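Here is a short note to read beside the structure. Please follow the points in order and find each residue as you go.

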Amino acid sequence: MAKMEDNNIEKFYKDSILVVDFGSQYTQLIARRVREQNVFCEVVSYNNADDYVIKNNPKGIILSGGPSSVIASGTPTISNKIINFGVPILAICYGQQCMVQRLGGKVISSDKSEFGRAKVSIKKTCMLTKNIWSVGEEYQVWMSHGDSVSKIPDGFFTVAQTEGAPYALIANEEKKYYGVQFHPEVIHTLEGKQLIKNFVVDISSCKLSWSMSSFLDYKISQLKRQIGKQNVVCGLSGGVDSSVTAALINKAVGGQLFCVFVNHGLLREGESEEIKTIFGKRFGNRFIYVDASKLFLNALVGIEDPEEKRRTIGNKFVEVFEEEAKKIGDVKYLAQGTLYPDVIESVSFSGGPSVTIKSHHNVGGLPEKMNLELVEPLRELFKDEVRILGKDLGLPKNLIDRHPFPGPGLAIRILGPIDEDSINILRKADSIFINFIRNEGLYDKIWQAFCVLLPVKSVGVMGDARSYDKTLVLRAVTSVDGMTADVFQFEHSFLSKISTRIVNEVTGINRVTYDITSKPPGTIEWE
């Protein structure tokens with residue numbers, strides 16, 4: 001997060017936690033868990049951490065995981081300044097290994113790597129586990145590591161271990177240093193939230209001063225300073241993220257905001273008409289509808305690679321927004337509803353060495369030739385936090401609670417080349433699936449549900465005749481923030497009914513499957 005600049009806002013954040021980023025895909029998820037305790041925190045790359053602690057004096061430090069190995073040369077590490085700063089430290093996974101190595105312990109490449117759920121056996125108690133885990137019991141955690149600690153530094157003792165990690169949790173109570181090989185920030189570590197609460201509130205003694213309402217005040221103040229008297233164009237898709245972005249900027253600068261809705265021909269059934277109706281009423285002549293479906297679909301002809309699809313769509317969005325900005329006149333800014341999960345899968349949020357999972361069409365800045373500057377007021381937030389912000393801004397419930405829908409739309413749910421026939425097949429199947437979920441009263445229980453059309457054909461029998469048609473995948477997951485997800489457990493009868501309806505009603509599909517992969521190891525979207 002950016003450094004707080006307004007003195008009236010800064011008073012909310014006197015007690016804070018520093019999260020040192022080593023490039024983990026879950027780094028900002030750590031920050032989110034801290035914010036859940038109503039404590040402010042900032043994520044800073046490991047190579048900027050020294051300057052940060054001097055300037056900001058955090059009450060505690062959390063070292064993130066990361067994709068590197070501390071055994072290799074030249075990999076990220078922490079300095080003696082961080083270790084000796086004199087505040088509590090919670091070191092997670094790679095962070096634990098960095099701390100152990102810096103303090104004289106030893107890390108090895110383990111022959112028992114652990115990825116996924118594991119059971120920790122509790123050997124002793126410590127302040128981190130107080131009132132959460134009991135000696136002699138086992139608890140579920142989430143592991144993701146190849147290296148592991150083989151020797152702990154002086155002053156530490158073992159609190160918990162797993163079959164593959166003899167030092168799964170270590171503690172130095174005198175210095176208030178705690179190292180965990182597992183990931184407490186991930187929901188699959190069932191008591192992880194409570195462990196982080198113990199560190200933030202009881203061990204680091206932070207006061208509970210963070211809230212979404214204070215974030216709203218800060219962002220409005222920040223937007224007013226950033227935008228000034230200039231006009232701003234908002235890329236409005238009608239989803240939660242862009243809608244909250246528009247409402248937030250509208251609250252900050254009012255009539256200087258113009259919302260541009262681009263129909264790229266890859267929307268769900270009836271979505272274009274719905275968005276025009278909702279936002280045409282809300283923003284009047286400051287809502288601009290652009291039908292650019294031919295432009296986008298022509299640009300996507302023959303493209304199979306998902307990364308190229310995303311880049312192509314992102315470039316075309318920029319072209320359209322730039323053209324509309326010229327028509328409005330005196331526009332300096334382009335606003336986007338970018339969220340943190342978009343950022344962390346595309347680039348490192350804080351400059352840390354994270355690995356790109358997939359590019360997002362709205363992440364990575366603007367082309368140099370474009371004369372607009374980006375405004376991304378939600379870039380630090382997760383989806384559930386954005387929904388809270390939307391409620392504070394007075395947006396209707398049916399808009400706030402909509403399932404996420406990617407900016408590239410159906411393009412990344414059609415694997416392989418895109419054509420109008422495939423779009424129409426997927427659009428109709430998706431509509432049947434979502435409406436069936438709504439009618440069964442399941443929509444609000446699911447984080448995201450959609451269909452994926454595969455470039456795979458199979459033989460079937462339909463009406464006593466041979467068919468050779470495409471395969472459709474159903475996908476439905478539960479999640480809190482989109483960083484991790486579990487498959488939604490439909491009853492088998494539900495899946496049978498929806499499969500029968502889709503095959504009967506959608507020409508071109510003769511086989512339906514259900515994706516039961518969690519995130520990780522998969523992602524929610526297929527591309």
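1. Start with Lys 59. This is a predicted model. In it, Lys 59 has a relative accessible area of 28%, so Lys 59 is partly exposed. Its salt-bridge partner is Asp 15, with the closest N and O atoms 3.2 Å apart. The pair ties together parts that are 44 residues apart in sequence, because Asp 15 sits in the loop between α1 and β1 and Lys 59 in the loop between α3 and β3. Asp 15 itself is at 10% relative accessibility, so Asp 15 counts as buried.

2. Next, Glu 373 and Lys 332. They form a salt bridge, and their closest N and O atoms are 4.0 Å apart. Glu 373 belongs to strand β14 and Lys 332 to strand β13, 41 residues apart. Glu 373 is partly exposed at 42% relative accessibility. Lys 332 is also partly exposed, at 31%.

3. Now Arg 379 and Glu 376. Their salt bridge has its closest N and O atoms 2.6 Å apart. Arg 379 is partly exposed at 23% relative accessibility, whereas Glu 376 is buried at 15%. Elsewhere, shared partners join Arg 32, Arg 33, Glu 36, Lys 193 and Asp 384 into one salt-bridge network. The whole structure holds 20 salt bridges.

4. Turn to the nonpolar cores. The largest has 53 residues, and Leu 472, Leu 474, Phe 490 and Ile 502 touch the most other members. Helix α15 (residues 420-439) gives the most to this core, with 9 residues. What is Ile 502 in contact with, leaving aside its neighbours within four places in sequence? Its contacts are Ala 429, Ile 432, Leu 472, Leu 474, Ile 509 and Val 512. A second, separate core of 40 residues includes Met 212 and Ile 220.

Definitions and conventions. Residues numbered from 1 in each chain as written. Predicted model: local features only at pLDDT ≥ 70, side-chain atom pairs only at ≥ 80, totals over all residues. Heavy atoms only, no water. Core = buried A, V, L, I, M, F, W, Y, C linked by side-chain atoms within 4.5 Å. Buried < 20%, exposed > 50% of the residue type's maximum accessible area, 1.4 Å probe, protein only. Helix = DSSP H or I, 4+ residues; strand = E, 2+ residues; numbered from the N terminus. Contact = heavy atoms within 4.5 Å. Salt bridge = Lys/Arg side-chain N within 4 Å of Asp/Glu carboxyl O.
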